[in-house]
Amino acid sequence: MAESTIISNTANLQKYLALPQKGKITAEYVWIDGSNGVRSKSRTLSKKPEKVEDLPEWNFDGSSTGQAPGDNSDVYLRPVAFYPDPFRLGDNILVMTETYGPDGKPNKYNYRHDAAIVLNHNKQHDIWFGLEQEYTLLDINGWPYGWPKNGFPAPQGPYYCGVGTGKVYCRDIVEAHYRACMYAEINISGTNAEVMPAQWEYQVGPVDGISMGDQLWMSRFILHRVAEEFGVKVTFAPKPIPGDWNGAGLHTNVSTKEMREEGGMKHIEAAMEKLAKRQAEHMAVYGEDNQLRMSGKHETSSYDKFTWGVANRGSSVRIPRSVAAEGKGYFEDRRPASNGDPYQLTGIIVETLFGKVEG
Ligand code: ADP
Ligand code: MN
Ligand code: MN
Ligand code: MN
Ligand code: MN
């Protein structure tokens, strides 16, 4: 890493993190703000919670995060899941929360609320998701990490799953994030270097139901938090560099109990027919600026037209070759952008497959 960009001293910090906590724990409350980012703040608790209901509701100043007006600025944080804290260790925890207004209604940016209704209503289908989160690491000036200051690296080719100097950048951040997610009991299933240099991917899944969104958001929080210690920025922008450079997606792998059982292929095909009828509705929640990425080039499909095919990386949905061969399994929706909200996208997929649920 370029030493000049490291702005914190985590080596010195270790001495203090080793101090005993005298029976108290720290809970880091994490929420989603008004610009598709994460925020967090810390509070001391007198004991480790056993279940999420043991965690107190909290609040923050929503006028400082674009989530509420100044004259009525309290936004409430309701815990929905918690994880072992890979930064503070011990009994300390990271807490995922939902945001609510003073009237008890979900905040405008609380997409989890509606998603939980449709996902919980369809529990009998035992729906699994696997998300492939792509992202790009940037230097402090916002240029992809390791790229020449006023120029571009050699064309794409050697970087995907690359090994060696000049082929990958910031593997230390990727490794740190991978281990931190494992420690936090996020179901991280792997990681790889991507086609554009300084672009990476990790996968979370299979995870069922609403937990998918919780785990993915927490994994994003952990990534920002790890990269902060290295003085590196993370962007989830779907097309960070225009031109002949790959964009970043959030491929969404989906299966229901019926799709995974013998003869599941007919359920996958029925799902394709349903998805084809709602292309515009899906694209509306599959991430901002996604039309910049979905050019039909660089392993993407058309923004406007739904297509599917076996082993076809240029279609909206790909059925893996092994799934077609076995006649059962899952499908991969390749349309979501890297900045897509996992609550919105798992929610709309289940709504399209099984119908609207009145809240
Ligand atoms: P790709 O070949 O598209 O790069 P990856 O290996 O990166 O795929 O990611 C595939 C994801 O799909 C993983 O997170 C994996 O856990 C998940 N997955 C595997 N089987 C299923 C399934 N039956 N239902 C949903 N997700 C699945
Ligand atoms: Mn204050
Ligand atoms: Mn992948
Ligand atoms: Mn990828
Ligand atoms: Mn994929």
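**Ligand 1 shell.** I began with which strands line ligand 1: β6 (128–138), β8 and β10 (250–255) each supply at least two residues of its shell. The model is a predicted one, so I note its limits: local features need pLDDT of at least 70, side-chain atom pairs count only at pLDDT 80 or more, and totals for chains, interfaces and linings use all residues. Residues are numbered from 1 along each chain as its sequence is written, while chains are lettered from A and ligands numbered from 1 in the order in which they are written. Helices (H or I, at least four residues) and strands (E, at least two) are DSSP runs, numbered from the N terminus.

I found 16 residues around ligand 1, the closest being G130, Q203, G205, N253 and S255. A residue is near a molecule or strand if its C-beta atom, placed from the backbone, lies within 6 Å of it. By class I list five nonpolar, eight polar and three charged residues in this shell. Here Ala, Val, Leu, Ile, Met, Phe, Trp, Tyr, Cys and Pro count as nonpolar, Asp, Glu, Lys and Arg as charged, and the others, Gly among them, as polar.

**Strand β8.** I looked at the peptide bond between G205 and P206 and found it cis, with omega about -10°. P206 lies in β8. Strand β8 (residues 199–208) pairs with β7 (residues 188–193) in the antiparallel sense over five bridges; two strands pair if DSSP finds at least two bridges between them. I noted W200 in β8 as the bridge partner of A193. The hairpin of β7 and β8 has five residues between the strands, and A198 there takes a positive phi near 80°.

**The five-stranded sheet.** I traced an open sheet with the order β2-β1-β5-β4-β3 and mixed pairing. β2 (38–45) and β3 (58–61) are at the edges with a single partner strand each, so one side of each has no neighbour in the sheet. On average, neighbouring strands of this sheet are turned by 40° against each other, direction ignored.

Which way does β1 run relative to β5, parallel or antiparallel? Strand β1 (residues 25–32) and β5 run parallel and are joined by four bridges. I found A27 opposite I93 in β5, and L94 in β5 as the bridge partner of E28. β4 and β5 run antiparallel, joined by eight bridges; Y83 stands opposite L94 in β5.

I then checked burial in β5: seven of its eight residues are buried, which leaves the strand mostly covered. A residue is buried if 20 or more other C-beta atoms lie within 10 Å of its own, exposed if 12 or fewer, and partly exposed in between, with C-beta atoms placed from the backbone. Helix α4 lies across β1, β2, β4 and β5, and runs at about 90° to β2. For that angle, axes are lines fitted to C-alpha atoms, for helices over the stretch in contact, and angles run from 0 to 180 degrees between N-to-C directions.

In α2 (residues 112–121) I find R112, A115, V118 and L119 buried. They are on the same side of α2 because they cover an arc of only 135° around the axis; the arc is that of the directions from the helix axis to the C-beta atoms. An α-helix has 3.6 residues a turn, so residues three or four places apart point the same way. The buried residues of α2 pack against β4 (74–84), β5 (93–100), α4 (211–229) and α10 (342–354). Contact requires two C-beta atoms, placed from the backbone, within 7 Å.

G347 is found in α10. I checked what G347 touches: D114, A115, V118 and L119, not counting residues up to four places away in sequence. G347 is buried because 24 other C-beta atoms lie within 10 Å. I also took the C-alpha separation of G347 and V95, which is 22 Å for residues 252 apart along the chain.

**Positive phi in loops.** D126, in the loop between α2 and β6, has a positive phi of about 45° although it is not a glycine. D126 counts as partly exposed because it has 13 C-beta neighbours inside 10 Å. C161, in the loop between β6 and α3 (171–183), also is not a glycine and has a positive phi, near 55°. With 12 other C-beta atoms within 10 Å, C161 is exposed.
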